[in-house]
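Open the model in your viewer and keep the selection tool at hand. The tour goes from one selection to the next.

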Amino acid sequence: MLKRTPLYQAHLAAGGRMVDFAGWEMPVQYSGPIPEHMAVRQAAGLFDVSHMGEIEVIGDDALALVQRLTTNDASKLEDCQVQYSLMTNETGGVIDDLLVYRLNSEFFLLIVNAAGIETDFDWIRKHAAHYRVEVRNVSAAFALLALQGPRAERILQPLTDHMLDRIPYYWSQQVEVENARCRVSRTGYTGEDGFEILCAASSAQHIWNRLLLTGKDDGLIPCGLAARNTLRLEAAFRLYGNDMDQTTTPLEAGLAWTVKLAKGDFIGRDALQQQKQQGLTRKLVGFEMLDKAPARDGYPVIAGGVEVGAVTSGSPAPFLKKNIGLVYLPIEHTKIGTELFVVVRGRQVPARVVETPFYKREKKFD
């Protein structure tokens, strides 16, 4: 039996095409992946990401436990600040990537991937045994909406008295949206400006409907998982399960900036420090196809005449109008400009290693 978010009926009413995603019945598209993708780049799109998990860590040792579990340095966070981080195992492999919200010194909220909610919760709870904390999986109580695109602030502002321009990038605030108490953060997974709105499950449908109504004249449309995937790939955001897992480390995945070895001990630190000292043997890189054929997940990649890996994420990039992808390559083949071949239905199609992110928005929020 597939799980459903509080917005399931709203998706059906909007003509969403529903698919199984990590055990959830989710909309893959409404009007189509390309128009939805372009709406987010040029106007705004609204996503239901209520399948994501919410785990609370509360108590005197909340910070200490988060520091032990994650690679980034949560001690640098101020109240209401958000941080991208990773949980790693003892060998440095990635258990999950997540957002860490510091609500106050004794209250942290972790937003984790849908497929890992139970395993993440078990992992956190197991390691919390010797800390003065309470760990709660509160995922079922909440819905999470992502309003993304250059017009996101303009669309959301009429629904709240809080001045949204006072929420910097990767910060959050407790605000009223349509008289519902929400936590609004300036975060997202699309490479655009925008907000993620965490609200009670019971408030989700009203907020969803009001946003679509308010944003209609500004080009806001509902968007599904297909557009979310192509948007995040253009921005070179990693997808857990594709671009990293427990067999890959943050250093190999190009996420060394999330690994703060100097902060003190954390699970996987010794393995990551050793890998850093010894040097990487492989690394995740971006590539673009030099042919009209798109690279797809799992396609073999050839460099120097031998098969050296497989595409972890690959698709057409609607805004960039090219075909792009990510792949782990031996370190000697990772230099920008390196020529590759991607095997597409038995044919070797030329490609080359390029800088990432593939797409970067012009306006940056600091």
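Predicted model: local features only at pLDDT ≥ 70, side-chain atom pairs only at ≥ 80, totals over all residues.

**Cysteines**

A disulfide is a covalent bond between the sulfur atoms of two cysteines. This structure holds zero of them. C199 is buried, with a relative accessible area of 1%, and C223 counts as buried at 2%.

**Strand β3**

Next, select residues 44-48, which form β3. Is this strand enclosed or open to the outside? Five of its five residues are buried, so β3 is largely enclosed by the rest of the structure. In a regular strand the side chains alternate between the two faces of the sheet. Here A44, L46 and D48 lie on one side, with G45 and F47 on the other. Both faces are covered.

Select β13, residues 220-222. β13 runs parallel to β3, and three bridges join them. Within this pair, L46 stands opposite P222. Then select β9, residues 142-148. β9 pairs with β3 in the antiparallel sense, over four bridges. Look for Q148 in β9, the bridge partner of G45.

**Helix α2**

Move to residues 33-42, helix α2. Which residues of α2 are buried? They are E36, H37, M38, A39, V40 and R41. Their cover includes β3, β9 and β13, along with β2 (24-29) and α7.

**The nonpolar cores**

Select F47, Y84, L99, Y101, I111, M244 and F358. These residues have the most contacts inside the largest nonpolar core, which has 32 residues. Several elements give two or more residues to this core, among them β5 (82-88), β7 (107-112), α7 (225-234) and β17 (322-330). Strand β6 gives the most, with four residues.

Zoom in on Y84. Beyond its neighbours within four places in sequence, Y84 is in contact with residues including N72, D97, L99, Y170, M244 and W257.

For the last stop, select L7, I155, I167 and V177. They are among the 28 residues of a second, separate core.

How values were computed:
Residues numbered from 1 in each chain as written. Heavy atoms only, no water. Core = buried A, V, L, I, M, F, W, Y, C linked by side-chain atoms within 4.5 Å. Buried < 20%, exposed > 50% of the residue type's maximum accessible area, 1.4 Å probe, protein only. Contact = heavy atoms within 4.5 Å. Pairing = 2+ DSSP bridges. Disulfide = S-S within 2.5 Å.
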